[in-house]
Amino acid sequence: MVCFFDSCPDQISNGSLFSLMRRLRALRCLLVSLLTAVLVTGCAAITPRNALPETAAQGQPNEFRHIRYWGDEGASDVTISAASPQVESEVLRGRNDATRRLNLLAISGGAEDGAFGAGLLAGWGDAGNRPPFDLVTGVSSGALIAPFVFLGRQRDVQLKEIFTKYSTKDIVDFDTPSLLQGSAILDNDPLSHLIERYVDREFMREIAVERSRGRVLLIGTTNLDAQRPVLWDMGLIAARDNLEALNLFRKVLLASATLPGVFAPVRIKVRVGGEVYDELHVDGGVTRQVFMAPSILHLASGNRTIANGARLFVIRNGRIDPQWKSTNANMVSVTLRSLSTLIKNQGIGDLYRIYSVSKARGIEFNLASIPPDFNVPMDELFDRKYMSALFERGYEMGSHGYPWIKSLPGLQAADQQPHSKL
């Protein structure tokens, strides 16, 4: 995932492919042979698909309506939908309460570095002043954090488990058959099973209850055919409360954490004009590594002016400061270092986008990221020692009043806003 699998051994955030390459380099000869086989025989073995035509309107998964939005569209194009007609009046009453302060949360991807955000939020919860969030968004590893935080402190124990209890074998497996078919390098079935372990019918029903109260949980994926971000309203999916809804809920979480090329894309069936097509969805971080777009702000605000004391908290599961590393001049090192730098700065660009939206709407901006002095080494992919140490660091900072950053690199002089604690 540019996400749950997206940090390299020198802790550069969102470089999932690069920590993976650390292991693949040890198997370089084998990989070259397998890739040669792929070029000669692979692609024909991939299961055919019925792709949605470009001219067709965006379809919807069977029996679902208004459960997702393009992440790059205007606010007027997003349809607000209550979880059910019975609770719509309750939702609107809650949203129109002008005295209630809106709290918004956006969580980025970060692979192993997702342990930072999980720890920070758990510590904040134990400090006793973490608010219930009206709108929560998540991408990649952030997509695995977001539902638990959305449900509140009672799920923090499970959140800690996910980021401190499991290691590589619990997340991925090498998949030679898929590589020979040309569909993937790794098998993410272990991650799929992990999602199933925590996301059951009861979990989904709790999400639906919170959606009926007007609170919104959005998870981001990337539609490969369209080259556009897709935001899924998980509460409206959960409100269906059937097996099809449960399967779709889990699929969206898996898709948001699926690094393209490394894992096979998640296929989601949609119906248009009576015909069934399948879309290819991958890591939401391909298009947005963290998001809080203008088009979705009114999902939590209803008819209220969102600038009325609204607070936005952005958790960047990675470091935003430059990190020095002597780079070898060979092709692999230069390519990996360049790509990791590109991805890192794409994430910083997403932060600038969110900051701009916040300033334009009069929303209080708060940013958290891994501190520059965290330097615990990571010995392998999903190193439990590394993740546990990072979780504890985040927990300590969250429980003692995190000094949220009020601006971004290059803007401090213009804004002149000091750090503050909650």
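**Figure 1. Confidence along the predicted model.** The mean pLDDT of the protein, where pLDDT is the predictor's confidence in each residue from 0 to 100, is 79, and 73% of its residues reach 70 or more. This is a predicted model, in which local features need pLDDT of at least 70 and side-chain atom pairs count only at pLDDT 80 or more, while totals for chains, interfaces and linings use all residues. Residues are numbered from 1 along each chain as its sequence is written, and side-chain values use heavy atoms, with hydrogens and water left out.

**Figure 2. The ring pair of Phe374 and Tyr386.** Rings of Phe, Tyr and Trp (its six-membered ring) pair if their centres lie within 6.5 Å, and planes under 30 degrees apart count as stacked, over 60 as edge-to-face and the rest as tilted; the structure holds 11 aromatic pairs. The centres of Phe374 and Tyr386 are 5.8 Å apart and their planes stand at 65°, so this pair is edge-to-face. Phe374 belongs to the loop between β11 (364–369) and α15 (384–399), whereas Tyr386 is in helix α15, 12 residues apart. With buried meaning under 20% relative accessible area, exposed over 50% and partly exposed in between (1.4 Å probe, protein chains only), Phe374 is buried at 6%, and Tyr386 is buried at 1%.

**Figure 3. The salt bridge of Arg155 and Glu206.** A salt bridge is a side-chain nitrogen of Lys or Arg within 4 Å of a carboxyl oxygen of Asp or Glu, and by this rule the count comes to 19. Arg155 and Glu206 meet in one of them, at 2.9 Å from N to O. Because Arg155 lies in the loop between α5 (141–151) and α6 (156–164) and Glu206 in helix α10 (residues 201–212), the pair ties together parts that are 51 residues apart in sequence. Arg155 is buried, with a relative accessible area of 11%, whereas Glu206 is partly exposed at 22%.

**Figure 4. The salt bridge of Arg267 and Asp278.** The side chains of Arg267 and Asp278 meet at 3.9 Å, N to O. Arg267 lies in strand β8 (residues 266–272) and Asp278 in strand β9 (residues 275–283), so parts 11 residues apart in sequence are tied together. Salt bridges that share partners join Arg49, Asp225, Arg267 and Asp278 into one network.

Notes
Helices (H or I, at least four residues) and strands (E, at least two) are DSSP runs, numbered from the N terminus.
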